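Work through the exercises below with the sequence and the structure open. Each task is followed by a solution in steps.

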Amino acid sequence: MSAQPELPPVIERYQAFLVDMDGVVYLDREPVAGAADFVQAVRREKKKLLFLTNNSKFTRAEYREKLAGVGIPASEEEVLTSAAATADFLRENYDLGGSTAFVIGGRGLEEEIAATGLRLLRGEEAKEAGFVIVGWDTDLTYDKLRLACLALHRGAVFIGTNPDATFPSPEGLWPGAGAIIAALERAAGREALVVGKPNLYMMQVALNRVGEIADRTLVIGDRLDTDILGGWRAGMDTCLVLTGVTRRKDLEGRHPQPDLVVENLRELL
């Protein structure tokens with residue numbers, strides 16, 4: 001009888017994997033080499049998997065389709081976005097009955113916030129909103145910033161989905177949600193409460209979704225300031241992949257350092 005092949009050490013060691021998407025498994029809609037092979041290996045060994053993204057623009061159904069487009073079948077339950085985490089945070093921490101919100105972001109964020117029971121305001125009504133909730137918006141206009149600024153100066157609760165200053169694309173880095181939030185913070189004279197990575201709240205939501213403990217879970221991402229810091233804060237091991245935002249030279253002098261650094265997910269096999 002032939003011996004069973006040894007499992008790759010990383011897949012053998014951990015019971016769950018929290019995997020970022022943008023810059024890790026794809027760039028915009030272009031697949032990253034080795035990502036589908038890694039996911040297939042994790043599934044083959046019946047380990048737990050959650051795709052964890054700070055990008056609040058798309059719905060979970062759209063993420064499922066996007067993953068399928070790069071050769072990675074997944075269910076909506078295997079996707080956690082900062083939009084979904086933000087909606088959970090609002091439900092847990094605020095009395096939302098009868099309240100209103102102005103959302104700067106994509107359809108994914110609007111759908112998650114509407115599902116909390118908040119009434120979404122548009123046009124000039126938006127300056128009276130009780131909540132201003134800001135994510136990544138590729139259709140951002142000055143008018144949206146104007147309305148949000150007016151609502152914030154009237155005392156609206158200021159929530160951001162994620163702090164990512166940039167977004168990795170095949171042509172380079174684009175402005176991210178953090179850049180939009182920063183503009184409003186400067187204009188309003190106060191800081192947003194940001195829910196997504198590296199906020200410990202989102203990392204704990206992710207752990208609850210996979211039903212695992214921190215020391216048996218690996219966080220895989222391409223950003224030191226969100227993926228790696230968030231995993232470290234939650235007590236999880238972390239793996240930095242160099243296919244997205246961060247380059248190897250960026251590691252010098254940074255804390256915390258990732259536990260693993262790989263060129264792409266294929267190296268973990």
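A cavity, as the word is used here, is a set of grid points where a 1.4 Å probe fits but cannot get out, on a 1 Å grid over the protein atoms alone. The model is predicted.

**Exercise 1. The cavity**

Task: State how many cavities of 30 Å³ or more a search of the whole structure finds, and describe the lining of the largest cavity.

Solution. 
- Step 1. The search of the whole structure gives one cavity of 30 Å³ or more.
- Step 2. The space in the largest cavity comes to about 160 Å³.
- Step 3. Its lining consists of 18 residues, and those nearest the centre are Asp22, Asn54, Asn55, Asp164 and Phe167.
- Step 4. Turn to the elements: β10 (166–169) and α9 each supply at least two lining residues. The most comes from β10, with three residues.

**Exercise 2. A residue of the lining**

Task: Find where Asp164 is located, decide whether Asp164 is buried or exposed, and list what Asp164 touches.

Solution. 
- Step 1. Asp164 sits in the loop between β9 (157–160) and β10.
- Step 2. Buried means under 20% relative accessible area. Asp164 has a relative accessibility of 9%, so Asp164 counts as buried.
- Step 3. Leaving aside residues up to four places away in sequence, Asp164 touches Asn54, Gly176, Ala177, Gly178, Ala179, Arg223 and Thr226.
- Step 4. With Asn54 there is a polar contact between the two side chains, at 2.8 Å. Asp164 and Asn54 are both among the residues that lie nearest the centre of the largest cavity.

**Exercise 3. The sheet**

Task: Give the strand order of the open sheet of six strands, and name its edge strands.

Solution. 
- Step 1. The order is β5-β4-β1-β13-β14-β15, with parallel pairing.
- Step 2. The strands that pair on one side only are β5 (79–81) and β15 (260–262), which makes them the edge strands.
- Step 3. From one strand to the next, the twist averages 20°.
- Step 4. Leu52 is opposite Leu80 of β5.

**Exercise 4. Helices on the sheet**

Task: Which strands does helix α8 touch, and which of its residues are buried?

Solution. 
- Step 1. Begin with α3 (residues 60–69), which lies across β4 and β5 and runs at about 125° to β5.
- Step 2. Helix α8 (residues 200–210) also packs on the sheet, where it touches β1 (16–19), β4, β5 and β13 (217–221). Its direction makes about 150° with that of β4.
- Step 3. The buried residues of α8 are Tyr201, Met202, Met203, Val205, Ala206, Leu207 and Val210. Their cover includes β1, β4, β5, α4 (82–93), β13 and α9.
- Step 4. Check the two ends. At the start of α8, a side-chain oxygen of Asn199 comes within 2.8 Å of the backbone nitrogen of Tyr201. Just after α8, Gly211 has a positive phi of about 65°.

**Exercise 5. A covered helix**

Task: How many of the 10 residues of α9 are buried, and against what do they pack?

Solution. 
- Step 1. In α9 (residues 224–233), seven of the 10 residues are buried.
- Step 2. These are Leu224, Thr226, Asp227, Ile228, Leu229, Gly230 and Gly231. Among them, Thr226 is touched by Asp164.
- Step 3. The buried residues of α9 pack against α8, β13 and β14 (237–241).
- Step 4. Just after α9, Gly235 has a positive phi of about 80°.

Methods
Residues are numbered from 1 along each chain as its sequence is written. This is a predicted model: local features need pLDDT of at least 70, side-chain atom pairs count only at pLDDT 80 or more; totals for chains, interfaces and linings use all residues. Side-chain values use heavy atoms; hydrogens and water are left out. Two strands pair if DSSP finds at least two bridges between them. Helices (H or I, at least four residues) and strands (E, at least two) are DSSP runs, numbered from the N terminus. Axes are lines fitted to C-alpha atoms, for helices over the stretch in contact, and angles run from 0 to 180 degrees between N-to-C directions. Contact means heavy atoms within 4.5 Å. Buried means under 20% relative accessible area, exposed over 50%, partly exposed in between (1.4 Å probe, protein chains only). A polar contact is a pair of N or O atoms within 3.5 Å; within protein, one must be able to donate a hydrogen and the other to accept it, and residues adjacent in sequence count only if both atoms are side-chain atoms. On a 1 Å grid over the protein atoms alone, a cavity is a set of points where a 1.4 Å probe fits but cannot get out, and a pocket is an open set with protein on both sides within 12 Å along at least five of seven lines; lining residues have an atom within 4 Å of a point. Grid points are joined across faces, edges and corners, and a volume is the space filled by probe spheres set on the points.
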